[in-house]
Amino acid sequence: MIALPIYDMLLLPGVVFYFKRDVLSSMPVSEFSDGEDVLFLIQKEDKKKSELLPADFYTKGLAGKIENVDDDGNVSIRVTNRVEFSDIEGGEGTYSATARICQTIEDLPEDERKEMYRTTKRKLIQFVQGFQWGVVVRSFIQHWHTLSEIICAISSYLNLYPEDKYAIIATDSEKERAELIQHAIYEFIEMAKVSGEAENAQKETNEKAYRESALKKQIAFLQQELDEMHPENESDVRKFEKKIQEAGMNPEAKSEAEKVLNRMKQEGKDSHEYGMLYDYLDFITTLSWKKADPVEIDLKEAEEILDEQHYGLKKVKERIIQQIAVMALNKKQSGSILLFVGAPGTGKTSIGQSIAKALHREYVRISLGGIRDEAEIRGHRRTYIGAMPGRIMEGMKRSGASNPVIVLDEVDKLARDYNGDPASALLEVLDPEQNFSFTDHYMNVPYDLSDVLFVCTANAMDTIPEPLLNRMEVIQFPGYTAVEKFHIARKHLLPRAMESMGIKKSNMKVTDDAIRMIISEYTAESGVRGLKKQMDVLCRYAAVKLVKGEKKSLTVGVKKVPEYLGGRGIRHDMKMEKPLPGVVTGLAWTRAGGEILFIETSLTEGNGKLFVTGQLGDVMKESVQIALTLVRSMFPEETREWDQKNMHVHVPAGAVPKDGPSAGVTITTALISLALKKAVPTDLAMTGEISLRGGVMPIGGLPEKLMAAQRSGIKKVLIPFENRDDLEDVAEEVKKELEIIPVKRIENVLKETGLM
């Protein structure tokens, strides 16, 4: 008897199997003959026949009989029984075993067996009808007469593990075997249905995607054709696609722009977010991302432009030329961030425009006055309704260049509240170590600001935060002298005012004396803003005269100025006509320039009280206390009676708030004058902080104070010794008309005033 090892095959009694010769290649062909008995040993694992051992077979198997061996050696075997083995021996492909037929438990009634067969066969036929090859398979199914034939024929297609197939063979219960067979077939049918449905769904999805892709390509092609025929009607998507490709963005910006563009495609024009997406793409693609080619800088030309457009400001121009020279050597923007500090109307903002012209760059002015919200600098995040970019990036868009000159106006007026600290946000903009990757919250991508030349302006430095101030180089803009104002009015302000009013040069002439009168009696500032306004008023009044036809040409002289501008618009404090004990002239700095002020002291009957009036700030009140203590220590005999007197210190004008330490020397001198009952000359003024030891300490705003002294008729000025280097910033015409004496101590002051 032949013993054949098989693996992962389902054979059942009553079924004929056809084995090809190559399957039985381990057995010599001569050993197969019709009618010979065969045993099927079922392997537990898939192993080579040469490696199989008796322990590798299950104890139950099958017995069959060879029905036919054809000329090619192919064999037909009918399975006759299920058997149980004992004493399996052999190896190397040749085995022998003792077999005992397994008794089948006939617990399945005939009518139930037939019903299970018919039901299973019907389900299979219904199942195969859904396929193109169903007609062919249906004919095969019609020839199957038992459940065993069905399961054996299709077992290789079922989702049955070798263990499941062996379980069908091994069970003795006929009913259990039929149920296992039916369950396997039903499970196969349902899984095939689910797989088919999934495949169809996937196919539909793929077909839909393919169709959508094809339609999009067709639409894109047609849209491109239309755009070429009618460029004015180009679609938004197509327009932004071209802009993104041509913008030269960095990788992060390009990725973000493409992401927003894809979202805009998906949303469509009817979406409520379409406008926001459009605005973002329009903004980011309008920015200049490409590095500008370096332009050859002509230093001589730059000097000529600065001199042509701005009179005076020698020190300022020298520092600007130095900055431009460094940029010319490095072929790029480099050097400090410039901070122009000075009174209004001194040319801080306009000189930024001249710098841009000298460098052949675009000019942008950004006003920072009153900004409280940090988002004004960094921009708003796009998650908020009405989100906008910050002023810096908005200025970059307006410039249309990557290297403009940006003037940040009024940095001293930045505010801070619950919306954040704009000054801190400005640090990233101005710091060259950070601004090469400045990220505006609205853009959400880095932008290189390193090629931008930033120029800041301020009226004063005391309100600028220290970290921000440290990043800038301060350049003081001194006030203009009367002579400088005259030249500015004659060369710039008057011609511009006449041009803006439509007045020809032949129709109106203004004498030099008239201009000097306007400067002295109608302006009270260090700058020329008020002077410009007066020139405008003059030209408007003249325009009325010319239009009415009263005169064809006008000449404005000194006598005509009050008629055109009204009475004296400004009254400067002038030096006192008569000297008085206890009254001394001091010098003060204001945001509008310098002024003289009078320190007035007086004693009245009382009990040693001190009264301070004139809206003095805390620092100035402390100066009064220091001066009083110093004077009493220096002149104990002369001030002994002050214990029974009330002291009153007043600083006109009472409606104007005043503060600062620079009036300390003046207050001390006034108290000494009162104590000694000696008057100080009226043509002498002084400035300086006083210490409790009598030292004269340095102050600020010296150029403006000296100009105020010259304007008021003062001839002699006492300044702190440590401020003598600041005299370089004072105009020569001012120094020529003043006797300026540096002093170190209060004793030097008393000597110069004649009090000692």
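Visitor: Which residues in helix 16 are buried?

Guide: In helix 16, the buried ones are Glu484, Lys485, Phe486, Ile488, Ala489, His492, Leu493, Leu494, Ala497 and Met498. Buried means under 20% relative accessible area, exposed over 50%, and partly exposed in between, with a 1.4 Å probe and protein chains only. A word of caution: this is a predicted model, where local features need pLDDT of at least 70, side-chain atom pairs count only at pLDDT 80 or more, and totals for chains, interfaces and linings use all residues. Residues are numbered from 1 along each chain as its sequence is written, and side-chain values use heavy atoms, leaving out hydrogens and water.

Visitor: What do the buried residues of helix 16 pack against?

Guide: They pack against helix 9 (299-309), strand 14 (508-510), helix 17 (512-522), helix 18 (529-548) and helix 23 (732-737). Helix 16 (residues 482-501) also bends by about 50° at alanine 489; the bend is the angle between axes fitted to the seven residues ending there and the seven starting there.

Visitor: Why does glutamate 174 count as buried?

Guide: Its relative accessibility is 17%, so glutamate 174 counts as buried. Glutamate 174 sits in helix 5 (residues 174-229). Leaving aside neighbours within four places in sequence, glutamate 174 is in contact (heavy atoms within 4.5 Å) with Thr104, Ile105, Glu106, Asp107, Leu108 and Arg113.

Visitor: What makes helix 7 roughly antiparallel to helix 8?

Guide: The axes of helix 7 (residues 251-267) and helix 8 (residues 274-286) come within 10 Å and cross at roughly 150°. That angle makes helix 7 roughly antiparallel to helix 8, because angles under 35 degrees count as roughly parallel, over 145 as roughly antiparallel, 65 to 115 as roughly perpendicular and the rest as oblique.

Visitor: How do the residues of that contact of helix 7 with helix 8 divide?

Guide: Into eleven nonpolar, no polar and three charged. Here Ala, Val, Leu, Ile, Met, Phe, Trp, Tyr, Cys and Pro count as nonpolar, Asp, Glu, Lys and Arg as charged, and the others, Gly among them, as polar.

Visitor: What makes helix 9 roughly antiparallel to helix 11?

Guide: Helix 9 and helix 11 (residues 348-359) pack at an angle of about 150°, with axes 9 Å apart. So helix 9 is roughly antiparallel to helix 11. That contact divides into five nonpolar, two polar and one charged.

Definitions and conventions:
Axes fitted to C-alpha atoms, helices over the stretch in contact; angles between N-to-C directions. Helix = DSSP H or I, 4+ residues; strand = E, 2+ residues; numbered from the N terminus.
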